[in-house]
Each structure stands twice: as C-alpha cells, then as structure tokens.
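Thanks for making the time this morning.

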Amino acid sequence: MNDRIGPQSALQPGLPVLGEPRPERADARRNRLKVLEAADRLFAELGVKNVSLDAIAAAAGVGKGTVFRRFGDRAGLAVALLDEREQELQAKILTGPPPLGPGAPAVERVTAFLDAYLDLLDRHVELFMDSENASDGARYRIGSYRLWHRHLAMLVEEARPELDADYTAHVILAPLAADLHNALRTEGFDLARMQSGLRAVAAAVLGPRLQAEA
C-alpha cells in the first residue's frame, strides 16, 4: 500500500492526503476500475490467495496482459485495491456528507469514522493484514495510518481539548489492528458486535460527551 503522505488539504488544514494524482486516459481508468471491482468481488468470495490473475481478468472482461501490465501480480493488485478503497474513505471524510464528512459535531464524526473503517477492515482484512505485517511496525509507518491518526487527533482535540489528542487517537485506533480483527472473526465475533464494542471503547476514552451525543 502507498506509504506516502501527499500535500496538505485545503478542506481540513493539517490533514494529509493519501496517494498522488494518477493522470490516465478514460479507457485506461475504466479498465482499471473494472479490474479492481472484479478483484474486490473475487477476493471477498474466495479469499485473496485463492484467486488468480486469469480469473480476475476474465471477470473484468479484459486480457490477462492488461492486468499484468497495470498491476504486475496479484500482490500488486491487492495493494492497488486497498489503496483505492482507502482513498474513497478519505474522500468521504474530506468532502462527503456528515457525520462522516464535515459539518457534524466532532464526537459524531469519530463514531462515523469508526463504523466506516471497521466496515472496510471487515471486508478486506486479508489485505490489511498483509499491509500491516509487511515488516515490524509497518502498521504505524504507512500513510493511511498516519492519516487516520491525524483525523482522529483533530476531532479529539475539538471535542476534548484537555486530553492528549495524539495519544488518545492512537488508543482509539488500537482495536482496529488487522491481526486483532482477524482473531476476533475467527472466534465468532460478528461485525455488529465489534461495532458496538468499538463505540463503547470510544465512549470510555472520550467520556460523557460522546456518550450523550453519539
């Protein structure tokens, strides 16, 4: 996954932007999106390790060479898919409707982000595990983690300025580690139970204000 932090956003000063502009022809973009959607569907149905480039190309209606030239291999395609989905989440945070986007109280935005991220993590837990475990401490170096941390830190500072916002943001993100999520899924925890538990953690960390407004 892309580990770079892009230029500062004019919409939320201090919030970095994932990825970089990717100029491409309209037909190339259509093919890329078709491949990513096919990979998304097949990875969810069969598991990342059980899907071949041939199967993805066939499902997308493109040649295998197109997939290979654009993404290199299955690992490269998996990275691109996760990057695409995380950029979609970031766009909703920056310009989407509240409470995930701007315009809602900070505590409501925290809850909306946790729900949205947990849903993304649950769908793509294999991809997140590969990304976060690529090397020791990889989870905390990748650009997406720094982005989510900064987003939460700004919301914590707005809602509870007396708290250490940077540390509190790390605490809120800790239960969203892919290894933990995968272990909980293996033990039979469903998404609704994890969402409820994560909301309770955030409420405990941020205090009565979140409990009253979330």
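This is a predicted model: local features need pLDDT of at least 70, side-chain atom pairs count only at pLDDT 80 or more; totals for chains, interfaces and linings use all residues.

The secondary structure of the protein comes to twelve helices and two strands, and if you follow the chain from the N terminus, the order of the elements is β-β-α-α-α-α-α-α-α-α-α-α-α-α. The protein has 214 residues, of which 47% are buried, and its accessible surface comes to about 10600 Å², with 54% of that area belonging to carbon and sulfur atoms. If we take the contacts between residues at least 6 apart in sequence, 66% of them join residues at least 24 apart.

Now to the helix pairs. Two packed helices are described by the angle between their axes and the distance between the axes, and I will give both each time.

Let me start with α4, which spans residues 74–95, and α8, which spans residues 143–159. Their axes come within 12 Å and cross at roughly 20°, and because angles under 35 degrees count as roughly parallel, α4 is described as roughly parallel to α8. The crossing is left-handed. On the α4 side the contact is made by E86, L89, Q90 and I93, and on the α8 side by S144, L147, W148 and H151. Sorted by class, the contact of α4 with α8 has four nonpolar, three polar and one charged residues.

Staying with α4, which way does α5 run against it, roughly parallel or roughly antiparallel? The axes of α4 and α5 come within 11 Å and cross at roughly 165°, and the two helices are therefore roughly antiparallel to each other, with a crossing that is right-handed. Here R85, E86, L89 and I93 in α4 meet R109, F113, A116, Y117 and L120 in α5, and by class this contact has six nonpolar, no polar and three charged residues.

From α8 the contact draws on Y145, W148, H149, R150, L152, A153, V156 and E157, while α9 brings A165, D166, T168, A169, H170, I172 and L173. By class, that makes nine nonpolar, three polar and three charged residues in the contact of α8 with α9.

Next, the peptide bond I mentioned. Most peptide bonds are trans, but the one that joins P98 and P99 is cis, with omega at about 10°. P99 lies in the loop between α4 and α5.

Finally, is A192 buried or exposed? This residue sits in helix α11, residues 191–206, and with a relative accessibility of 52% A192 counts as exposed, since the cut-off for that class is over 50%. A192 and D119 are 73 residues apart in sequence, while their C-alpha atoms are 9.7 Å apart in space.

That is the end of the tour, and I am happy to go back to any of the pairs.

Conventions. Residues are numbered from 1 along each chain as its sequence is written. Side-chain values use heavy atoms; hydrogens and water are left out. Axes are lines fitted to C-alpha atoms, for helices over the stretch in contact, and angles run from 0 to 180 degrees between N-to-C directions. Helices (H or I, at least four residues) and strands (E, at least two) are DSSP runs, numbered from the N terminus. Angles under 35 degrees count as roughly parallel, over 145 as roughly antiparallel, 65 to 115 as roughly perpendicular and the rest as oblique. A crossing is left-handed if the near helix is turned anticlockwise from the far one by less than a right angle, and right-handed if clockwise. Contact means heavy atoms within 4.5 Å. Ala, Val, Leu, Ile, Met, Phe, Trp, Tyr, Cys and Pro count as nonpolar, Asp, Glu, Lys and Arg as charged, and the others, Gly among them, as polar. Buried means under 20% relative accessible area, exposed over 50%, partly exposed in between (1.4 Å probe, protein chains only). Accessible areas come from the Shrake-Rupley method with a 1.4 Å probe; for residues, only the protein chains shown count as cover.
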